[in-house]
Amino acid sequence: MTLASRQALPYLLILIAGVAAPFLFRDYSNEIAVLWLMILFASTWDILGGQMGYNSLGNIFFFGAGMYICAVVQIGLYYDVGMYTSGARTTHIVFTTAQYFTGFAVGTVAAGIGAALLAFVAGWILFGLRGPYFAIGTLGLAIAAAELFASWEWVGAASGISMPVFPYGPNTQKIFFYFLLFALAFLLLVFLRWLYSTNFGLALNAIRDDEEKAEAMGLHTRRYKRTAWAISAVFLGVAGAVFGNMTGFIEPRDIAFPTTTFNLYMVVMVLLGGKGTLWGPVIGAVIFHTIKEVTWTYFLGWQFIALGLLIVVTIVYFQQGIVGWLAEKYPRLFAPRARREEEPALKGALAPQEGAE
Amino acid sequence: MDHILENISILTAAPVLNLGLLIDGVLIGSIFALAAYGLALVWGVMNVKNLAQGDFIMLGGYLTWSLGRHHIDPLLGVPAAFVMLWCIGWVAYRLVVSKVITRDLFTSLLATFGIAIVIQQSLNLAFGPDTQSAHSGLPTLQLAGGLVSVSVTRILGFCLAVLLAIAVIIFMKNSRMGQAIRATAQDARAARVLGIDTEKVYSFTFCLNAAICGAAGALVALVWNVQPFLGTTYSIRLFVIVTAAGFGNLPAVIAAGFGMGVFEQFGGFLLGAEFQQALIVILLLGVLTYRQWQYLRVRQAVQ
């Protein structure tokens with residue numbers, strides 16, 4: 001097998017699995033759709049957290065922002081938003097098929113662009129912060145957004161917005177949103193594979209390893225950081241727009257800006273799978289989501305305590321993650337190529353010195 | 001927008017209302033200052049940013065509230081919460097914090113966030129998501145013809161907070177352990193060379209901080225209310241206070257604590273209570289932005 005085909009193999013497998021899954025497990029297509037969303041969450045978090053070394057606790061901000069931007073555009077194209085949200089409980093407003101799909105398409109594009117713009121603005125404010133301050137600052141951003149949306153009457157405040165109803169039957173709806181989320185996650189994985197092989201990817205790693213040196217070498221670090229955040233924001237915003245339409249109802253605290261559920265899952269999944277690798281977040285997301293879906297109902301209210309414990313255990317005792325652990329144990333198979341080539345060279349350089357002593 | 005202007009005009013029309021808000025702000029700010037001092041202590045000594053701080057406060061508050069429910073004077077909750085949180089802090093330190101002290105800061109931040117989630121969800125499971133408050137049965141004083149009302153509980157809470165703060169400060173200044181803690185904060189390696197058991201110092205510091213939080217939480221339950229998910233708001237408040245003041249600067253931390261209390265009272269009055277949480281978080285972003293701008297001039301990052 002040639003190198004190129006070996007690298008294409010995982011993508012081919014994902015493509016086959018992704019297309020076949022909703023037909024094989026018809027009853028679980030919604031859960032599998034959320035799995036693709038989780039993979040997207042983990043991979044976008046890893047752009048900053050793993051590759052660039054900036055641990056954000058507020059990436060959910062772009063997801064929720066995309067959701068709300070899409071909803072406002074979708075409704076605003078045909079109706080007055082304030083009237084729609086206040087009248088939603090008493091009158092039933094119908095969207096025609098053409099209206100629905102035009103609104104959805106325009107809204108999704110607007111969500112992606114809007115989220116990217118927000119990332120530029122937020123990055124302009126927050127990227128002077130390092131380490132824990134950045135984490136706390138981004139967490140503050142997400143909480144502030146949730147609280148502000150929860151008291152903003154025009155977008156329905158805490159009671160949320162009922163989205164326009166999907167014009168076809170429930171089965172078509174399931175398949176439609178499943179394939180949208182799958183396509184988005186697949187596109188992201190292909191895109192990241194390419195991104196991490198470019199100079200841009202190297203610049204992100206340089207920022208992670210030593211930001212001062214990277215800057216001294218002439219990298220415009222702030223610009224790189226902002227662009228990286230905008231990239232993850234585009235995907236998160238579009239995912240938010242799709243997910244909002246999929247659930248049919250959006251609300252600030254638990255669906256759009258869930259700081260203690262989706263927002264933390266991102267971090268946990270990446271840490272579980274292995275930070276700073278392409279496949280670590282994917283593996284982490286698959287394992288986490290499967291365990292969660294299978295066992296969650298048996299916990300009877302203890303599930304969030306279990307989540308907290310999982311975070312603590314993962315971070316204290318298993319920080320390198322699954323892929324990191326594999327790379328340590330079987331470096332020939334799993335370590336990144338750069339490190340594999342580097343190690344023998346290092347040993348060679350050290351050997352004469354040891355001999356001289 | 002209109003109701004903000006309306007509220008401002010109320011304040012200018014009846015200046016004595018300002019006094020009421022100011023007194024309330026100072027009384028509540030004393031509790032913030034106390035808990036922020038604990039955060040600054042752990043931050044400075046161990047370089048651990050404890051995100052479970054607010055949840056320790058809630059634990060102390062719930063202990064006091066359940067004492068009151070069992071017809072025990074909730075004022076006893078202050079020492080009881082101090083002792084109980086000392087033990088909980090010790091467990092948290094042994095199991096989690098001691099293992100992340102030497103790791104990078106995000107690790108300790110996320111680990112304490114994990115502790116925070118465990119605590120708030122356990123409280124939610126045990127006591128339900130309702131807002132609770134302990135009643136001490138003390139009267140409310142009416143001043144200025146009923147326009148300004150000050151509850152005796154709040155005054156008592158203020159006095160207790162001040163007493164506790166003074167006790168802790170004297171302890172830090174004069175006792176052997178306090179000196180060891182300060183030495184470790186200055187240079188942990190040198191302290192170890194000179195024979196200080198830094199492991200013990202870390203453990204003691206974290207327990208002391210948890211205990212201070214517990215006592216502060218008991219006061220919160222007395223003068224205000226507790227709810228399982230309010231902990232995060234407290235953590236953010238304390239972060240704002242310590243970040244704004246700088247963790248090495250004790251008088252500034254205390255001043256910022258009072259400032260936070262007063263700011264919140266006025267902000268809540270002007271904007272309405274539903275904006276209170278958003279206000280705190282936006283203040284956090286404001287303080288962080290200001291710090292950055294400060295550091296930018298000397299080409300450094302806030303880290």
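Among contacts in chain B between residues at least 6 apart in sequence, what percentage join residues at least 24 apart? The figure is 76%, where two residues are in contact if their C-beta atoms, placed from the backbone, lie within 7 Å. This is a predicted model, in which local features need pLDDT of at least 70, side-chain atom pairs count only at pLDDT 80 or more, and totals for chains, interfaces and linings use all residues. Residues are numbered from 1 along each chain as its sequence is written, while chains are lettered from A and ligands numbered from 1 in the order in which they are written.

**Chain A**

- Chain A has 17 helices and two strands; helices (H or I, at least four residues) and strands (E, at least two) are DSSP runs, numbered from the N terminus.
- Along the principal axes, the C-alpha trace of chain A spans about 85 × 45 × 40 Å.
- Of the 357 residues in chain A, 47% are buried; a residue is buried if 20 or more other C-beta atoms lie within 10 Å of its own, exposed if 12 or fewer, and partly exposed in between, with C-beta atoms placed from the backbone.
- In chain A, 80% of the contacts between residues at least 6 apart in sequence join residues at least 24 apart.

**Chain B**

- Chain B comes to twelve helices and two strands, in the order α-α-α-α-α-β-β-α-α-α-α-α-α-α from the N terminus.
- Its radius of gyration is 20 Å, close to the 19 Å from the globule rule for 303 residues, so chain B is as compact as a globular protein of that length.
- A box of roughly 65 × 55 × 40 Å, taken along the principal axes, is filled by the C-alpha atoms of chain B.
- Buried residues account for 48% of the 303 residues of chain B.

**Contact between the chains**

- Chain A gives 31 residues to the contact and chain B gives 36 residues.
- On the side of chain A that touches chain B, the elements giving two or more residues are helix H6 (131-150) and helix H14 (303-317) of chain A.
- H6(A) supplies the largest share of that side, twelve residues.
- The residues on that side of chain A divide into 19 nonpolar, ten polar and two charged; Ala, Val, Leu, Ile, Met, Phe, Trp, Tyr, Cys and Pro count as nonpolar, Asp, Glu, Lys and Arg as charged, and the others, Gly among them, as polar.

**H6(A) against H12(B)**

- H6(A) packs with helix H12 (residues 276-296) of chain B at an angle of about 145°, with the axes 9 Å apart; axes are lines fitted to C-alpha atoms, for helices over the stretch in contact, and angles run from 0 to 180 degrees between N-to-C directions.
- The crossing of H6(A) and H12(B) is left-handed, that is, the near helix is turned anticlockwise from the far one by less than a right angle.
- Residues of H6(A) in this contact include A:Tyr133, A:Gly137 and A:Glu147, and those of H12(B) include B:Gln277, B:Val281 and B:Leu288.
- By class, the contact of H6(A) with H12(B) has eleven nonpolar, three polar and one charged residues.

**Core and buried residues**

- The largest nonpolar core has 204 residues, of which B:Ala35, B:Ala36, B:Leu219 and B:Ile241 touch the most other members; such a core is a set of buried Ala, Val, Leu, Ile, Met, Phe, Trp, Tyr and Cys residues joined through C-beta atoms within 7 Å.
- Helix H9 (residues 198-223) of chain B gives the largest share of this core, 17 residues.
- A:Lys225 lies in helix H10 (residues 221-247) of chain A and is buried, with 21 other C-beta atoms within 10 Å.
- A:Lys225 and A:Tyr54 are 171 residues apart in sequence, and their C-alpha atoms are 9.0 Å apart in space.
- B:Met58, in helix H3 (residues 53-69) of chain B, counts as buried because 29 C-beta neighbours are inside 10 Å.

**Positive phi in loops of chain B**

- B:Asn47, not a glycine, has a positive phi of about 55° and is in the loop between helix H2 (15-46) and H3 of chain B.
- B:Asn47 counts as partly exposed, with 15 C-beta neighbours inside 10 Å.
- B:His71 has a positive phi near 60° and counts as exposed, with 7 C-beta neighbours inside 10 Å.

Definitions and conventions:
The radius of gyration is taken over C-alpha atoms; the globule rule is 2.2 Å times the number of residues to the power 0.38.
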